[in-house]
Amino acid sequence: MPRSRLFQPVTVGSLEVRNRLWMPPMCQYSAAAVGPELGRPTDWHRVHYGARAVGGVGAVIVEATGVQKEGRISVNCLSLHDDAQIPSFARLATLIHEGGAAAFIQLIHAGRKASTRAGWKEPGPATAEEGGWQIAAPSAIPFDARSAVPRELTEEDLHGIIAAFAQAARRALEAGFDGVQIHAAHGYLIHQFFSPASNHRTDRWGGDFVGRTRLAREVVRAVRAEIGDAPLLVRISATDWTQEYLEDGRPGWTLAESERLVPELVADGADMINVSTGGNVSDARIGSGPGYQVFAARAVRRALVDAGTPAPVAACGLILSAEQAEQILVDEDADVIEIARVLLTDPMAPVAWRARLREEPALPSQYLRGTKR
Ligand SMILES: Cc1cc2nc3c(=O)[nH]c(=O)nc-3n(C[C@H](O)[C@H](O)[C@H](O)COP(=O)(O)O)c2cc1C
């Protein structure tokens with residue numbers, strides 16, 4: 001019987017991953033905001049990620065984790081800015097591996113979208129008493145009316161941030177993760193540099209395409225230099241959904257710029273591009289409906305092939321069924337499918353999706369006996 005594509009292995013850089021149905025990063029806002037446990041995974045994280053690995057995804061990408069304390073999104077986000085945090089992350093990587101999945105972790109500097117309260121609390125900046133801090137960004141432009149005005153980052157700050165990405169990546173590998181993902185999407189720092197909506201700089205970190213993409217490229221190169229041949233993933237927002245979509249034609253990061261950038265990122269050392277969209281412009285008109293971001297994965301994948309730098313591409317965003325996922329792979333619009341919210345309510349979703357595609361069940365032995373009469 002012909003096998004599905006979804007449950008075939010996929011090779012990412014030096015690593016073979018057991019299948020193509022992955023868990024993308026999802027912040028849990030469940031770490032301590034202050035004190036010695038700041039930024040460290042808790043039992044919540046261990047149960048949450050361990051369960052999804054047992055459920056059968058190919059890879060688990062742990063949520064956005066700060067490369068500096070001030071790089072966290074919320075005060076309750078994970079952080080890997082200090083060697084002393086390594087052991088607490090090691091347990092997480094072990095549990096994911098014990099579930100049979102590859103373990104990746106997303107590294108972030110949140111820039112002007114940092115220092116918020118936990119995602120389920122009253123939106124807006126955290127106060128100093130709640131553990132908040134002064135935010136910084138490419139330019140002194142707040143994200144929206146509720147947000148604080150960021151300080152403009154200096155050349156020295158930027159060198160520190162590039163080094164912090166490389167050091168956090170080293171710590172992740174020391175903790176046992178197979179590889180790292182650089183968060184260059186959703187309106188966080190690297191994406192803020194890409195976009196003329198948030199980057200008004202006139203120095204070498206702003207202006208034209210080359211200036212606006214410099215930070216991403218330097219981060220990728222620095223991380224690659226630190227982690228040898230371990231897999232390096234980059235998540236991008238392929239468009240700001242502004243100038244091509246809004247009547248006022250406001251400038252923003254465009255799909256055409258993403259198509260130009262991705263071969264450069266691969267040449268710099270990226271092994272995979274995980275495609276998302278939006279997040280940098282608060283009133284952008286973001287698409288909706290099943291598979292609403294697949295067009296962007298398709299464009300990125302073709303740009304990589306056309307440039308002679310092919311690399312696996314992941315599609316994400318309201319991919320809700322095994323049939324829809326399989327079709328995206330059959331159409332060669334992507335190489336990997338990421339499902340986020342589906343896994344929040346159904347950690348064992350891959351079991352049902354395997355059955356839909358007539359794959360043999362792949363349950364942990366502890367559960368297998370229960371399936372026999
Ligand atoms: C609770 C929650 C937290 C999220 N946190 C992150 C994150 O840390 N990093 C990231 O790149 N995307 C994050 N996302 C976005 C998801 O990875 C995914 O791109 C999005 O939910 C769309 O996929 P879906 O329709 O399958 O849920 C988050 C989404 C949710 C629902």
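## Strand S10

A residue counts as buried if 20 or more other C-beta atoms lie within 10 Å of its own C-beta atom. By this criterion, strand S10 is mostly covered, with 6 of its 6 residues buried. The model described here is a predicted one.

In a regular strand the side chains alternate between the two faces of the sheet. In S10, both faces are covered: Leu-232, Val-234 and Ile-236 are buried on one side, and Leu-233, Arg-235 and Ser-237 are buried on the other.

## The sheet

Strands of a sheet pair through backbone hydrogen bonds, either parallel or antiparallel. In this model, 9 strands form an open sheet with parallel pairing, in the order S3-S13-S12-S11-S10-S9-S6-S4-S5. Its edge strands are S3 (21-22) and S5 (78-79), each of which pairs on one side only. Strand S5 is joined to S4 by 2 bridges in the parallel sense, and here Thr-65 stands opposite Leu-78 of S5.

Strand S10 pairs with strand S9 (residues 179-184) in the parallel sense over 5 bridges. Ala-184 has Ile-236 of S10 as its bridge partner. Strand S10 (residues 232-237) is also joined to S11 by 5 bridges, and these two strands run parallel. The bridge partners in S11 include Met-272 for Leu-233 and Ser-276 for Ser-237.

## Strand S11 and its crossovers

Strand S11 (residues 272-276) is mostly covered as well, since 5 of its 5 residues are buried. Met-272, Asn-274 and Ser-276 point one way from the strand, whereas Ile-273 and Val-275 point the other way.

Together with helix H7 (residues 255-268), strands S10 and S11 make a right-handed β-α-β unit. Strand S11 also pairs with strand S12 (residues 313-316) in the parallel sense, over 2 bridges. At this pairing, Asn-274 stands opposite Ala-314 of S12. The chain passes from S11 through helix H8 (residues 294-306) to S12, and this β-α-β crossover is right-handed.

## The nonpolar core

The largest nonpolar core has 106 residues, and those that touch the most other members are Val-60, Phe-165, Val-180, Ile-273, Val-275, Val-300 and Ile-337. Helix H3 (residues 155-174) gives the most to this core, with 8 residues.

Which residues does Val-275 contact, leaving aside its neighbours within four places in sequence? Val-275 is in contact with Ile-236, Ala-238, Gln-293, Ala-296, Ala-297, Val-300, Val-313, Ala-314, Ala-315 and Cys-316.

Asn-280 is found in the loop between S11 and H8. Is Asn-280 buried or exposed? Asn-280 counts as buried because it has 28 C-beta neighbours inside 10 Å, and the cut-off is 20 or more.

Asn-280 and Ala-197 are 83 residues apart along the chain, yet their C-alpha atoms are separated by 7.9 Å. Leaving aside neighbours within four places in sequence, the contacts of Asn-280 include Gly-187, His-191, Gln-192, Ser-195, Ala-197 and Ser-198. Ser-237, Asp-240 and Trp-253 are also among the contacts of Asn-280.

## The ligand shell

The ligand is surrounded by 20 residues, of which the closest are Pro-24, Met-26, Ala-64, Ala-340 and Arg-341. By class, the shell has 12 nonpolar, 5 polar and 3 charged residues. Strand S4 (59-66) and helix H10 (341-345) each supply at least two residues of this shell.

Definitions and conventions. Residues numbered from 1 in each chain as written. Predicted model: local features only at pLDDT ≥ 70, side-chain atom pairs only at ≥ 80, totals over all residues. Buried ≥ 20, exposed ≤ 12 C-beta atoms within 10 Å, placed from the backbone. Helix = DSSP H or I, 4+ residues; strand = E, 2+ residues; numbered from the N terminus. Pairing = 2+ DSSP bridges. Right-handed = clockwise from strand over helix to strand, strands pointing away. Near = placed C-beta within 6 Å. Nonpolar A, V, L, I, M, F, W, Y, C, P; charged D, E, K, R; others polar. Core = buried A, V, L, I, M, F, W, Y, C linked by C-beta atoms within 7 Å. Contact = placed C-beta atoms within 7 Å.
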